[in-house]
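Here is a short report on one protein model. Look at the sequence and the 3D view first, then read on.

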Amino acid sequence: MKACKREIGKTWKVFAAFALLTMSVMVCGKSVQAAGRPVSISSCQIAGGTVNCTLKASGVPYSDDGKYYIYADEVFQDGPVGTVVASVDAGASVTVSFPLNYNTPDSNLSRKFLVAVKSGGQMIQVSDEHYITNPEAVAAFTTGRMTRGIKGILPEVTAIASGELKELGVQQVVYNIYLDEICAAPGEAGTIPFAYNGQTYYFSNGRITHYDQMVKGFNNQGMQVTMVLLHKGGNPATDDLIHPLARGGAECPSYALNVEESGGVEHLKAVCAFLGQRYSGATGNGQIDNWILGNEVNARTSWWYMNSGNLDVNVSAYVKAFRIFYNELKAMNANVWVYNSIDQEWGRKSNPGSFLAKDYLDQFNYYINREGNIDWGLSYHPYNSPLYDPYAWNGPAVWVKQSVSTPYITMQNIDILIDYMHQGKFLNPAGQVRSISLAEIGYTSYFGDEKQEASVAYGYLKAASLPDVDAFMLFRFKDDAHEMESKLSLGITNLDGSHKPAYNIYKQLGTANEGAAKARASEIIGMDIDQMIRDNIVWTRGGDGVVQ
C-alpha cells in the first residue's frame, strides 16, 4: 500500500534520523511504532541480466514522496551513500528490478543493497543491507565437480611425479595460493593481463603457470583440488589488498584483506574473478573445486592479522571479503564450493590475540543470515590439544569434553560440531546442513610411530563415519624441520622422503585392504576401532594431558 500522508512539524524533521530505530509509520490511518528498520529485503537474486529484489514492510514508513530508493553500496560504504539503482512506489510488499551490469564499471554483483526513503529532504535508511545470493546464475562455467571421496592430504608437489600421491589413493589435495605471488604490477615483465569491471589487472605468468601445471597434475591423477587464498605481503603490487588495520603491524603469515578502500576492493573482485575463470576446468589450466578464504581466521594474530581486538570489527571485515570471494568465484564457475576457516579452539584461547572459534563462527553466521543467506561451507581444523598430543583417541579430559562448552573440538568430540551445524540457523538456503571440510588435521610421530599410525586411522575412520563431512585433509605429506622443533613431526614421510608406518596405514584406508589398517589400529589402541567409533566411545585421561 502507499504511505498515508500527514503533516509533519519541524521537530519531526529534526529527528528524522531516529527513524532508523523507531520509525513512525501509518497503517490504516493509525500511527504505530515499528521496532528497528521497518522494511526488509527478503530476496535479492539475479535473473538474466537483471537483479530482482523483494521488499517487505512491517509498516510503510512515511516519506516526502511515497517512494522507496534502492541504493547499491560498495562493501566499505554504510547508509544511503552509494548509487541509487532504482526507485519504486512504497508499499508493504514490493518487487523492484535493476540491471546487474556484470563485468562493467557499474557492476552490482558484489555490492550490498539497502532501502531508503526521503524524509524532510534527507535520505533515511529503512532496511538492513542485503547481497545477491545466487551469483551462479550468470556463471559462464558449470563444470562437473571431481568428487571422489574424503581422503585427502596437504601434498608435496614432487609426489605427483613420483607417483606417491596416486599410490596413497588420496582423492583430494589442499594447497595454498598467495596473492602477493600471483599478482603483478602494470608494466612488469612476464604478466598476464585480465580486464574486469572496466580496468585491467596483471598476474605473474611464471607463478600462474606454476599453479596451472600443479593443479593439472593433481587433476590428471583423479584428485579434487581445494585452494586456500592467503596474502602474506611483501609485494608492492598487492599492497592495496592489505586491510588498513593490517598495515605496518606485526609480521604474520597472512593479512586481512582490504574491504575499506575502493582500489583494494576492485582489485580483490578482479583477483577472484580471474581465479574462478582460470581454474574452472574449462580453460585448459586445471580445475579447482573448492576455495577457502584464509586460514584459521579466528586466530587474528597468527593467521589473519588485523590491529583490532574487537570481534565484531574483525568478523565484519572478513564477511565483506567473503561476500566478494563467494560472489565473484561463483559468478565464473557455478559449481565451486566456498569455505571459511576456523581452528579447534572452540571454547578456550591458547593465544590472547585470537578469538574463540565458536564466537567467530556464530558472528559470521549472524551477518550472513542478516544480509542474505548463501551456501557457504565450514573448513574446520580438529587438531589435538595440545597440538603435539599424539593420542587422537584418548585426549586430555581437561580439554576434550562431550558438551558444547568444551574447550577444544578434536576428532574425539567432532560430533559436537556436527550437531551444532545442524541447528536451523546454520542451515544453507535449501535447508540442508552445510558442507564441512576437515581441511587440516595432523598427528605427530615425535612420541612414536605407533601412536601416529593409530591416530591417522582413528581420525580418518571417524570422519568417514560422518555423512556431513566432505573432506579429511591430513597435514602433511612430509615432515617440516621448523615444525619438528615444536615436537610436530606431522608428516607421513620423513625429511629424507622415507615412508613412516603412518604412510602405509593411510594407504590402506578407504581401500579393499582397510581391514588390515583397522586391525593394526585396534591392536595399538587396545580396543576394536570400529566399535569405538560406532558406539562413540570417548576415552580421556587425567592431568593436563602433556606428554613427557
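## The second largest pocket

This is a predicted model. Helix H8 (311-330) and strand S18 (337-342) each give at least two residues to the lining of the second largest pocket. The volume of this pocket is about 260 Å³. Its lining counts 19 residues, and the closest to the centre are Trp337, Asp375, Trp376, Asn428 and Ser435.

What classes of residue make up this lining? There are 8 nonpolar, 5 polar and 6 charged residues.

## The barrel

Strand S18 also belongs to a barrel. How many strands close into this barrel? The number is 8, and their order is S11-S12-S16-S17-S18-S19-S21-S22. The pairing is parallel. On average, neighbouring strands here are turned by 30° against each other, with direction ignored.

Helix H11 (residues 449-464) lies across three of these strands: S11 (151-153), S21 (436-441) and S22 (469-474). H11 runs at about 165° to S22.

## A closer look at strand S16

Glutamine 172 has glutamine 224 of S16 as its bridge partner. Tyrosine 175 is partnered by methionine 227 of S16.

S16 is also joined to strand S17 (residues 290-293), by 4 bridges. These two strands run parallel as well. Here valine 228 has isoleucine 292 of S17 as its bridge partner.

Are the residues of S16 buried or exposed? Of its 7 residues, 7 are buried, and the strand is mostly covered.

## The largest pocket

How much space lies in the largest pocket? The volume is about 1200 Å³. A total of 45 residues line this pocket. Those closest to its centre are Asn295, Trp303, Glu440, Phe475 and Glu483.

Several elements give two or more residues to the lining. The strands are S12, S16 and S21. The helices are H5 (205-220), H7 (300-303) and H12 (481-484). Which element gives the most? S12 does, with 4 residues. By class, the lining of the largest pocket has 20 nonpolar, 14 polar and 11 charged residues.

## One cavity

A search of the whole structure finds 1 cavity of 30 Å³ or more. About 30 Å³ of space lies in this largest cavity.

Which residues line the cavity? They are Asn384, Ser385, Asp389, Tyr391, Ala392, Gly395, Pro396, Val400, Thr410 and Gln412. By class, 4 are nonpolar, 5 are polar and 1 is charged.

## An open sheet

The model also has an open sheet of 3 strands. The order is S3-S4-S7, and the pairing is antiparallel. Why is one side of S3 (39-47) and one side of S7 (93-99) left without a neighbour in the sheet? Both strands stand at the edges and each has a single partner strand, so one side of each has no neighbour there. The twist in this sheet averages 20° from one strand to the next.

S3 and strand S4 (residues 50-57) pair over 8 bridges, in the antiparallel sense. Within this pair, isoleucine 41 stands opposite leucine 55 of S4.

## Helix H13 and its cover

Helix H13 spans residues 501-508. Its buried residues are Ala502, Tyr503, Ile505 and Tyr506. What covers them? The cover includes strands S11 and S22, together with helices H3 (164-168), H11 and H14 (514-525).

S11 and S22 are both barrel strands, and H11 is the helix that lies across them. After H13 comes glycine 510, whose phi is positive, near 80°.

Methods: Residues numbered from 1 in each chain as written. Predicted model: local features only at pLDDT ≥ 70, side-chain atom pairs only at ≥ 80, totals over all residues. Heavy atoms only, no water. 1 Å grid on protein atoms, 1.4 Å probe; cavity = no way out; pocket = protein on both sides within 12 Å on 5 of 7 lines; lining within 4 Å. Points joined across faces, edges and corners; volume = space filled by probe spheres on them. Nonpolar A, V, L, I, M, F, W, Y, C, P; charged D, E, K, R; others polar. Pairing = 2+ DSSP bridges. Axes fitted to C-alpha atoms, helices over the stretch in contact; angles between N-to-C directions. Contact = heavy atoms within 4.5 Å. Buried < 20%, exposed > 50% of the residue type's maximum accessible area, 1.4 Å probe, protein only.
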